[in-house]
Amino acid sequence: MDDHVTWADKGFWEPAEAVDLTAYATSGRNLFDGSFTWPVMALKKRALEHNIATLAAFAEEHDLLLAPHGKTTMAPSLHRRQLDAGAWAITVASPSQALVARHAGVRRVLVANEILDHSALSWVASERAADPEFLHLHWVDSPEGVEAAAEASALVGDEDRPLAVLIDLGFPGGRTGCRSVEAAVELARVVDSTPGVLLAGVAGYEGGLRTPAAVGDYFDRLKELASTLFTEGLVAAGAIVSAGGSSFFDVLAERWAAGWPDGMTPRKVLRSGAYVSHDHGLYAGTTPFNRIEGSLEPAIEIWAQVLSAPEEGLVIVGMGRRDAPYDNGLPVPLAVRRNGGDGGPEELEGTVEKLGDQHAFLRTDAGLRPGDLVGFGISHPCTVFDKWRLIPVVDLDYTVTDLVRTYF
């Protein structure tokens, strides 16, 4: 029933028969006309379009290939919007996410992790053998990862379509990746000597580094690694060099603009993901557009109903940890629609003190009463999309224009 709105879709009030997605999205429904129940998450159409266009333009201006990290939304319809705007590929974090992307018709998929699952690797090898236009890249940081890829490739037996991998370079205390350029070069030699595996380039992730200077040094080491591999004949002139989340893509563009060995023309792949929806918290504070010209707009709102006003200055809202992210900041109150009022949303000041499973503790002096609706922004979009199977996209007056289904 993925092509229908049903009673199982949280926030949608469809207690009777299922409604076709296209028919629903073009029926002129409004977020506040009784078609929805509370809480419900919505995406602002104008903000989505602005953000997708903004980063596409940034990538083009700086000679970067954009491979948005699709694990942020796991929404094929949003991935398609990004690809239609010029994205080169979609990045994911696991084989199951790669399968979703493939079934959605994505032709270039990057898996930003080492894959050791033999079933998944055998599927990749079979897909590559069957479809010459399918490009699948995943990371390796160990001989075991190289061996697993080689074994899967051998099962298919297509020598013309080896499994393509990227050497993962990390940093001490970071996530995955070889901990030094020297160790990464040694692993590259292992890949080069292993039948059925092709070294396509290098990749890494700067998450965990907090300053532009530290991130810049890390990007320089990735450049050093890629340059060394090219000089030693271990990668082609157009090798892939990939990094970059949504907080330091300006540093990546600056550090990789020049300084490559003669004859090397790397494909510089940026993997930002959270930019597509942005937020009112974590990324509002860390976006590079706080340092450079340009802007992103928060696209996510969660609307919930005031359930209780038990104390002066405290209201309990029907939205909790099952509905909103809380790992990198709590939701931010934005607006209120007064119960029974005919006007539009009013700006709201207040603070969410804590979240229960289904409740938010909101401190405010706005005189909210049970039945009022409160609109919240969120912090860290990567942990909100997984809480919603189907999300309405709305225009400026909250009329539904599209529906986004997620696949986590």
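Biologist: Before we start, when does a charge sit over a ring?
Modeller: When NZ of Lys or CZ of Arg is within 6 Å of the ring centre and within 35 degrees of the ring normal. Keep in mind that this is a predicted model.

Biologist: Fine. Where does Lys-354 lie, then?
Modeller: Over the face of Phe-361, at 4.6 Å from the ring centre.

Biologist: And what about Lys-223?
Modeller: The charged end of Lys-223 sits over the ring of Trp-260, 5.5 Å from its centre.

Biologist: OK, ring pairs. How many aromatic pairs turn up in the whole structure?
Modeller: The search finds 14. One of them is Phe-32 with Tyr-398, which is edge-to-face, 5.2 Å centre to centre with 65° between the planes.

Biologist: What does that pair tie together?
Modeller: Parts that are 366 residues apart in sequence, because Phe-32 lies in the loop between α1 (21-25) and β3 (40-44), while Tyr-398 is in the loop between β19 (390-394) and β20 (400-405).

Biologist: Are those two buried or exposed?
Modeller: Phe-32 and Tyr-398 are both buried.

Biologist: Why does Tyr-218 count as buried?
Modeller: The cut-off is under 20% relative accessible area, and Tyr-218 has 2%, so Tyr-218 is buried. Phe-219 is at 0% relative accessibility and therefore counts as buried too.

Note on methods: Residues numbered from 1 in each chain as written. Predicted model: local features only at pLDDT ≥ 70, side-chain atom pairs only at ≥ 80, totals over all residues. Heavy atoms only, no water. Phe/Tyr/Trp six-rings, centres within 6.5 Å; stacked < 30°, edge-to-face > 60°. Helix = DSSP H or I, 4+ residues; strand = E, 2+ residues; numbered from the N terminus. Buried < 20%, exposed > 50% of the residue type's maximum accessible area, 1.4 Å probe, protein only.
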